[in-house]
Amino acid sequence: MNWKHMTKPEIKDRVYKALAENRNYDSDYILGIPGTYLDTAQFHRDADFLEDAPFLRTFINNPNHIGCHTLTGDEGEDLFRGTQKIEVELIRMISEEIMRADARSIDGYVAPGGTEANIQALWIYRNYYQKEFGAKPSEVAVVFSDDSHYSFYKGANLLGIRALNVPVGEQDRMIKSEALQAVLEQAKADGIKYFIAIANMSTTMFGSVDDPDQIADVFESMELPYKLHVDGAFGGFIYPFTNPNSKLHFGNPRINSMTVDAHKMLMAPYGTGVFMIRKDWIHYAATSEASYVQGLDYTMVGSRSGAQAVSIWMILMTHGPKGWKNTMERLIIETDKLCAALDDMGISYFRDPHLNIVTMHAPQVPAEIPGKYRLVSDNFGAEPKWWKIVVMQHTIGKVVDQFIADMRSALA
Ligand SMILES: *Cc1c(COP(=O)(O)O)cnc(C)c1O
């Protein structure tokens with residue numbers, strides 16, 4: 001096991017050692033790279049506090065993590081090997097210890113966000129169908145529930161593949177097998193032969209969770225080729241900790257790749273999406289023309305700061321597995337409290353019991369509430385059907401309590 005709680009000095013020591021293992025622009029002869037440290041007039045390299053700030057120190061040293069280091073290991077860019085090893089360790093921790101993959105069976109990298117990680121999956125599978133089956137992009141479709149994130153439409157648009165949304169139950173927000181089957185029958189009739197299926201580990205709007213086996217069963221019963229990707233951008237750092245019976249992990253052989261976002265539930269800085277895929281797949285995203293990058297490039301993003309990977313690693317190590325589970329369980333308790341109050345007021349809502357999203361039926365919510373609490377509706381502009389609450393760290397206690405009190409007095 002790599003993932004354990006570490007003390008502040010231990011974390012600091014590890015990151016500074018990694019930085020010392022990197023080549024540094026101010027102490028090494030680096031003459032062929034279009035990169036340097038951050039502008040010294042703006043970012044003072046000798047500020048005292050940097051001795052005690054491993055993330056900021058990494059940030060201003062500016063190591064480039066271009067490429068996929070779980071794949072290239074010692075063959076990759078060697079200038080920043082120290083912090084790149086932290087990224088490799090991070091991908092192993094998330095894939096093996098949170099998402100139950102076999103040891104070293106996953107490739108991955110820290111992406112700018114969930115959007116890119118989702119599109120990276122679509123890109124790999126489209127290229128796979130093209131290369132192995134001679135598919136035309138128009139014969140490939142990505143299939144997802146109506147409540148899925150719009151990044152799948154964005155990706156389909158960029159890649160020239162079809163986007164097929166499947167209706168969900170109005171109250172339970174679940175895909176019905178018959179509805180999925182109907183969409184796939186129509187797709188077949190329209191000449192689509194190859195499929196990319198999405199299972200959500202929490203949708204953004206409802207916190208609804210798809211059943212990956214139910215989805216896979218439909219593709220298999222219809223004998224349609226599919227690859228299954230899990231979108232855990234929202235749920236990836238909470239659901240596995242709050243639902244021990246989760247089916248959305250690499251222990252499930254039907255799941256081939258996953259997106260999780262550290263900048264949602266893990267409270268990392270923006271720029272910390274995580275893409276993970278089983279070994280022997282990421283080469284479908286290789287750009288062989290990237291021949292000046294040592295170890296080639298297998299990502300959409302290209303150059304990216306090593307500070308992002310370090311920030312995720314530091315948060316995980318600060319809490320350790322038990323500490324993080326407690327932190328997420330605390331959010332569930334707060335969400336339970338909110339739901340009990342809504343029940344008491346007779347307000348109906350959708351909520352998965354393992355998640356911290358509560359989506360209320362809009363007509364029951366007093367008019368002054370959504371604006372005051374910045375609630376999000378299913379449909380900006382049009383008449384909303386739903387108003388959504390996300391119980392996050394900053395809302396525990398005061399915001400949730402004030403919301404409950406305001407709801408009660410508005411309804412009275
Ligand atoms: C936020 C989110 C995304 C997109 O992630 P970004 O980091 O904003 O690019 C994708 N899927 C789900 C379910 C999300 O909640």
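**A helix, its buried face and some salt bridges**

Just after helix H7, glycine 191 takes a positive phi of about 90°. Keep in mind that this is a predicted model.

Helix H7 covers residues 177-189, which makes 13 residues. From its first C-alpha to its last, H7 reaches 18 Å. That is close to the 18 Å expected at 1.5 Å a residue.

Which residues of H7 are buried? They are Leu180, Val183, Leu184 and Ala187. Now look down the axis of H7. The buried residues fall within an arc of 95°, so they line one face of the helix. Turn to the face that points away from this buried side. There you find the exposed residues Glu178 and Ala189.

What covers the buried residues of H7? The cover includes three strands: E2 (140-145), E3 (162-166) and E4 (194-200). It also includes helix H8.

Helix H8 leads on to the salt bridges. A search of the whole structure finds 28 of them. One joins arginine 254 to aspartate 217, and their closest N and O atoms are 2.6 Å apart. This pair links distant parts of the chain. Aspartate 217 sits in helix H8, residues 212-221. Arginine 254 lies in the loop between helix H9 (239-242) and strand E6 (255-261). The two residues are 37 residues apart. Is aspartate 217 buried, partly exposed or exposed? Its relative accessible area is 41%, so it counts as partly exposed.

Next, move to helix H10, residues 306-345. Here glutamate 334 forms a salt bridge with lysine 337. Their closest N and O atoms are 3.1 Å apart. The two residues are 3 residues apart in H10, so about one helical turn separates them. Glutamate 334 is buried, with a relative accessible area of 2%. Lysine 337 is partly exposed, at 33%. Some salt bridges also share partners. In this way Asp211, Asp213, Asp217, Glu220, Lys247 and Arg254 are joined into one network.

Glutamate 139 forms a salt bridge with lysine 136. The closest N and O atoms of this pair are 3.6 Å apart. Is glutamate 139 buried or exposed? Its relative accessibility is 10%, so glutamate 139 counts as buried. The cut-off for buried is under 20%.

Technical notes:
Residues are numbered from 1 along each chain as its sequence is written. This is a predicted model: local features need pLDDT of at least 70, side-chain atom pairs count only at pLDDT 80 or more; totals for chains, interfaces and linings use all residues. Side-chain values use heavy atoms; hydrogens and water are left out. A salt bridge is a side-chain nitrogen of Lys or Arg within 4 Å of a carboxyl oxygen of Asp or Glu. Buried means under 20% relative accessible area, exposed over 50%, partly exposed in between (1.4 Å probe, protein chains only). Helices (H or I, at least four residues) and strands (E, at least two) are DSSP runs, numbered from the N terminus. The expected span of a helix is 1.5 Å times one less than its number of residues. The arc is that of the directions from the helix axis to the C-beta atoms. Contact means heavy atoms within 4.5 Å.
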